[in-house]
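Okay everyone, thanks for coming. Let me put the structure up, and then I'll walk you through a few spots in it.

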Amino acid sequence: MKAVTKLFVFAAWTLAAGVLAAADAPTGAAPSAANDGAERFHLRYKFSPGEVFRCKVTHLTTVETKIRGVAETVKTRSASTKAWKILSVDQVGNVTFTYTVEDVSMWQQPSGREEIRYDSAKDKEPPDEYRHVAETVGVSLGTITISASGEILRRENARPQFKPGIGELTIPLPPQPVKIGDSWSTEGELPIRLKEGQVKRIKTRHIYELKQVRTGVATIAARTEVLTPVDDPAIQSQLVQRVKRGEVRFDVDAGRVLQQQMDTDETVIGFSGADSMMKYLVRLTEEMVPQQDVAQSAGPAVQ
């Protein structure tokens, strides 16, 4: 059961470090009208060279498992501040920035054992369970270039273990203006490690829908569909940790994500034997840190 605990601790950190993010570039975001008269919005990321874009990421997880009659509940919480220092924006809106996690506060409570805590702002020495996290705080994790629609064009990792989230560093935006009710999608693969050590790639589709736009803020629904047929509970137990369903609030004029929330509530039976069970409950939120708050509480991002 200890190995299961470590798995979820690591998953919680990688998700909190970067599963939810935003980027952008200077393409007009003013609404336009088509022949049908419906108002359309050009969703684009927009940053300026020298700007530092910060977000507070909070990840709450409760994992209940039962294997061979032994039950365990592991609760974790992490709060971190991630920062993008914008290096350049080219003529077509591609944005290059460095990625840094400036601070992190983490906590876990396995059932029947003492709680474990780590706060990078207060603790000089992290506990062993969070040592790999402490090594990534306050240093540049990579230099990334994205398009105005959020496509990752280039990524140079400064640290081998840099794994921002579940393969997504940005929320993809549609290439063309969209109206309320329009949807767009991207497809990808999730690598799942099997018990034999092999890796199985599961095809997925991330679907986004523009639900509404009020006072310049777009609300976008997001969900993941698994395209590869999966009937193995062991694989399903990994998938539930890496798919998403939630909502994004995007500032159309400023060209950035204001807030996101993704929730998971799934139960998998038989993931480790016929009588095993796993219940996975997660809430992952990300909220932009206003610039005035940044000036009061945070120093410059590490280059």
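One term before we start: a residue is called exposed when its relative accessible area is over 50%, and buried when that value is under 20%. Also, keep in mind that what you see is a predicted model.

Let's begin with Arg68. You'll find Arg68 in the loop between β3 (52-67) and β4 (70-89). Is Arg68 buried or exposed? With a relative accessible area of 66%, Arg68 is over the 50% cut-off, so it counts as exposed. Now look at the backbone there: phi of Arg68 is positive, about 50°, although this residue is not a glycine. Why point that out? Because most residues other than glycine have a negative phi.

Thr215 is another case. Its phi is near 45°, again a positive value in a residue other than glycine. Thr215 sits in the loop between β10 (199-214) and β11 (217-226), and at 84% relative accessibility it is exposed.

That loop belongs to a hairpin: β10 and β11 have two residues between them, with Thr215 in the turn. The two strands run antiparallel and are joined by ten bridges.

On to the neighbouring topic, β9 and β10. How many bridges pair these two strands? Eleven, in the antiparallel sense. They form a hairpin as well, with five residues between them, and Gly197 in the turn has a positive phi of about 95°. Over in β10, Arg201 stands opposite Pro191.

Last topic: aromatic rings. Searching the whole structure turns up seven aromatic pairs. One of them is Tyr118 with Tyr130, a tilted pair at 6.5 Å centre to centre and 35° between the planes. Tyr118 is in strand β6 (residues 116-119), while Tyr130 is in the loop between β6 and α2 (131-134), twelve residues apart. Both Tyr118 and Tyr130 are buried.

Then there's Trp184 with Tyr208. Their ring centres are 6.1 Å apart and the planes are at 20°, so this pair is stacked. Trp184 lies in strand β9 and Tyr208 in strand β10, so the pair ties together parts 24 residues apart in sequence. Trp184 is buried, at 8% relative accessible area, and Tyr208 is buried too, at 1%.

And one cluster to finish: Phe47, Phe53, Trp84 and Phe97 make up one aromatic cluster. Okay, over to you!

Notes:
Residues numbered from 1 in each chain as written. Predicted model: local features only at pLDDT ≥ 70, side-chain atom pairs only at ≥ 80, totals over all residues. Heavy atoms only, no water. Helix = DSSP H or I, 4+ residues; strand = E, 2+ residues; numbered from the N terminus. Buried < 20%, exposed > 50% of the residue type's maximum accessible area, 1.4 Å probe, protein only. Phe/Tyr/Trp six-rings, centres within 6.5 Å; stacked < 30°, edge-to-face > 60°. Pairing = 2+ DSSP bridges.
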